[in-house]
Amino acid sequence: MEFSELIRTGQAQAELLRGPEMPPLRGTLCVTGHHLLLSPGPQATPDLWLLLLRSVDSIEKRVAGDAGTITLRCKDLRVLQLDIEGVEATLDIARSIEALSSLESVITSFPFFYRPKGLRLGEAWHFHPPERYYKRIARETWSSPLPVPQTRAWRLSEANEDFSLCPSYPRAVIVPRAVDDDALARSARFRQGGRFPVLSYYHAPRGTVLLRSSQPLTGRQKLRCAEDEELLRAVLAEARPGARGFIVDTRSAQAAKQARMTGGGTEAKAAYPGWKRLHRPLEREGACILVHGAEGTDSTLLVTSLAQLILDPLSRTMAGFQELIEREWIQAGHPFQLRCAHSAFSHTRPKHEAPIFLLFLDCVWQLGRQFPLSLEFGEGMLLALFDHSYASPFGTFLCNSEKERCLCEVRTRTHSLWSGLNQPKEQRKLRNPLYVPNPLAIWPSVEPQSLRLWQGLFLRWTHPPEPSEVAWEKVWQIATDQKTEGSQPTDSASEPQP
């Protein structure tokens with residue numbers, strides 16, 4: 001298929017209305033395979049206005065007389081209006097946008113054509129492999145004061161090298177050393193989608209762990225799997241002496257019970273001694289935790305990633321947060337292509353679409369608002385991740401799993417988002433100028449009166465941007481002056497607990 005086949009009218013004269021407080025732009029509107037461009041006349045600013053067509057969520061068109069209007073509602077919550085000269089041109093451009101913004105083929109998307117100056121293909125894709133986190137765990141266990149030799153408790157398994165055990169897991173996962181690959185294969189057959197329990201986070205101060213998986217396939221007959229039970233027994237056996245285990249099911253008790261009717265279910269208490277199942281938030285216990293819902297690719301990842309932000313100081317750094325996103329969302333199999341196919345303005349609402357990743361970003365923003373000194377990244381980083389997860393020139397959020405990215409050769413044919421965000425000119429917009437390293441856990445308040453509307457995201461296109469940008473520059477200047485004078489702000493937090 002050629003993009004030219006979908007472009008009915010290449011250009012037309014138009015006026016663009018971008019929202020309150022922003023002057024209209026008038027010039028020549030052009031449609032390309034991936035973008036909508038508006039080039040102002042010679043008397044106006046020479047800058048081009050550019051919109052990635054993939055960011056269009058819905059389109060409305062209407063005609064009156066010899067002109068027409070197209071309203072574009074975007075996935076980043078922008079609403080744009082194009083007043084176009086000519087009825088036929090209006091209808092043709094609207095049809096072109098509808099066709100080009102809804103292409104399903106991954107390899108025809110813009111990241112496969114994007115070649116920015118200063119970046120090379122392959123950069124930053126190697127920053128966050130599973131081996132890197134495994135080595136970090138090894139260093140922490142060697143330095144742990146606990147008497148148990150935990151360096152021998154975990155291993156990096158490549159049983160999923162060809163994605164045959166679990167198509168949504170990465171090639172390598174961290175599992176108990178006492179469990180061999182054959183047992184992992186049998187456990188995978190007992191879990192929905194093959195998502196057997198794997199290590200998500202090792203809490204060095206207490207020697208406890210956070211694991212994630214999908215639901216067991218017990219069904220109406222209450223089936224069991226000896227290898228799956230062995231895997232969870234090995235977790236407790238290799239943890240600190242006397243460690244307990246909790247299985248946090250993110251579904252309601254009723255939903256988990258109903259899942260048995262379709263072949264799913266929960267872990268039987270008698271089959272998993274030492275493990276207690278919960279369907280509610282867990283208090284600050286010194287225990288090993290397994291988190292799962294049904295598929296283990298949505299609310300499960302939300303819980304495990306937020307837990308790490310609260311407990312792990314490294315996850316609150318710029319590099320650590322990028323690693324967390326890569327490890328707990330992208331490599332862990334969150335189906336971005338399905339979940340982020342549309343946003344708030346879509347006229348259709350397929351069952352597989354859900355703003356799970358946006359919910360995570362909102363939670364992180366709430367955390368940063370309550371602990372303004374403890375996150376090295378600022379609101380700019382969260383906004384960038386939201387925008388790129390729905391429509392991006394980079395390949396990081398393409399596809400639904402590592403297997404699909406390998407089949408599409410995403411890592412070799414597209415640029416990584418991290419290579420773009422880590423450019424020096426971008427870092428000033430993404431970093432928190434007030435950041436001070438905080439070694440403690442940061443337990444947020446979840447009372448209704450403690451939560452706020454994220455205006456920087458949900459209202460950013462209705463409020464003029466200039467005052468916030470000026471204020472941000474002033475904060476940077478104040479923070480720079482303070483550091484120059486040697487003053488250091490302080491932050492408060494509670495004692496870390498696993």
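## The second largest pocket

The largest share of the lining of the second largest pocket, 7 residues, comes from α6. Helices here are DSSP runs of H or I with at least four residues, strands are DSSP runs of E with at least two, and both are numbered from the N terminus. The model is predicted: local features need pLDDT of at least 70 and side-chain atom pairs count only at pLDDT 80 or more, while totals for chains, interfaces and linings use all residues. Residues are numbered from 1 along each chain as its sequence is written, and side-chain values use heavy atoms, with hydrogens and water left out.

The pocket has a volume of about 1200 Å³. A pocket is an open set of points on a 1 Å grid over the protein atoms alone, with protein on both sides within 12 Å along at least five of seven lines; a cavity is a set of points where a 1.4 Å probe fits but cannot get out; lining residues have an atom within 4 Å of a point. Grid points are joined across faces, edges and corners, and a volume is the space filled by probe spheres set on the points. In the second largest pocket, 37 residues form the lining, and P281, L282, V303, I310 and W443 lie nearest its centre. At least two lining residues each come from β10 (198-203), β11 (208-212), β12 (245-249), β14 (288-292), α6 (299-311) and α9 (356-370). By class, this lining has 23 nonpolar, 8 polar and 6 charged residues. Nonpolar here covers Ala, Val, Leu, Ile, Met, Phe, Trp, Tyr, Cys and Pro; charged covers Asp, Glu, Lys and Arg; the others, Gly among them, are polar.

## The cavities

A search of the whole structure finds 5 cavities of 30 Å³ or more. The largest cavity holds about 390 Å³ of space. Two or more residues of its lining come from each of α8 (336-339) and α10 (379-390), and α10 gives the largest share, 3 residues. In total 29 residues line the largest cavity, with R54, S109, Y390, A391 and L398 nearest its centre. They divide into 16 nonpolar, 10 polar and 3 charged residues.

The second largest cavity has about 140 Å³ of space. Its lining includes P130, Y133, Y169, V198, R212 and R327. The elements α2 (130-143), β9 (173-176) and β10 each supply at least two residues of this lining. Its classes are 9 nonpolar, 1 polar and 2 charged. The strand β10 also gives at least two residues to the lining of the second largest pocket.

## The sheet with mixed pairing

An open sheet of 5 strands runs in the order β10-β11-β14-β12-β13, with mixed pairing. The edges are β10 and β13 (275-278), each with a single partner strand, so one side of each is left without a neighbour in the sheet. Neighbouring strands of this sheet are turned by 20 degrees against each other on average, direction ignored. Such angles are taken between axes, which are lines fitted to C-alpha atoms (for helices over the stretch in contact), and run from 0 to 180 degrees between N-to-C directions.

Two strands pair if DSSP finds at least two bridges between them. Between β11 and β14 there are 3 bridges, in the parallel sense.

## The antiparallel sheet

The other sheet described here is open too, with 7 strands in the order β4-β3-β2-β1-β7-β6-β5 and antiparallel pairing. Its edges are β4 (49-52) and β5, each with a single partner strand, so one side of each is left without a neighbour in the sheet. The twist averages 30 degrees from one strand to the next.

Strands β5 (residues 56-64) and β6 (residues 67-74) pair in the antiparallel sense over 8 bridges. They form a hairpin with 2 residues between them, and G65 in the turn has a positive phi of about 65 degrees. V63 stands opposite G68 in β6. β6 also pairs with β7 (residues 79-85), in the antiparallel sense over 7 bridges; R73 has V79 in β7 as its bridge partner.

## Two helices

Helix α4 (residues 226-238) has 13 residues, which at 1.5 Å a residue should span 18 Å, and its end C-alpha atoms are 18 Å apart, which agrees. The expected span is 1.5 Å times one less than the number of residues. Among the buried residues of α4 are D228, L231 and V235. Buried means under 20% relative accessible area, exposed over 50%, and partly exposed in between, with a 1.4 Å probe and protein chains only.

Helix α7 (residues 318-330) contains I330. I330 is buried, with a relative accessible area of 1%. Its C-alpha atom is separated by 28 Å from that of W461, 131 residues apart along the chain.
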